Amino acid sequence: MECDLCLLKVRTNVYLENRFFIILDCKSCLVPMVVWKDHTMDVPEPDGQVVEAFLTEVANQFYGDKNYFIDKNQRDILDHIHWHARLKEKL
């Protein structure tokens, strides 16, 4: 089975890439997203903290002074860790 996140055939703006993860703009919602390169839903806690810190740094630059949050809710692809930095909606 081919996984779109593993293959990343369509790459948008890439902010950071190493052998463990990549941070790039999500091709469907155009916000910063991190993808753990191993096909898993379980990232060890120290690694998860590092990945979140890098995504937060990218989001700080991307959004400037706008309020955002790290969305860890897996919506469409339920077997591959990927988190988005999304704008907070105004109430």
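Reply: Let's start with Lys72, which is partly exposed, at 40% relative accessible area. Partly exposed means between the two cut-offs: buried is under 20% relative accessible area and exposed is over 50%, using a 1.4 Å probe and protein chains only. Keep in mind that this is a predicted model, where local features need pLDDT of at least 70, side-chain atom pairs count only at pLDDT 80 or more, and totals for chains, interfaces and linings use all residues. Residues are numbered from 1 along each chain as its sequence is written, and side-chain values use heavy atoms, with hydrogens and water left out.

Now for Lys72's partner: Glu52 forms a salt bridge with Lys72, with the closest N and O atoms 2.8 Å apart. That term means a side-chain nitrogen of Lys or Arg within 4 Å of a carboxyl oxygen of Asp or Glu. The two sit 20 residues apart and tie together distant parts of the chain: Glu52 is in helix α2, and Lys72 is in the loop between β4 (68–71) and β5 (82–87). Helices (H or I, at least four residues) and strands (E, at least two) are DSSP runs, numbered from the N terminus. Glu52 counts as partly exposed because its relative accessibility is 26%.

Asp71 is buried, at 5% relative accessible area.

The structure holds three salt bridges, and one of them joins Glu17 and Lys37.
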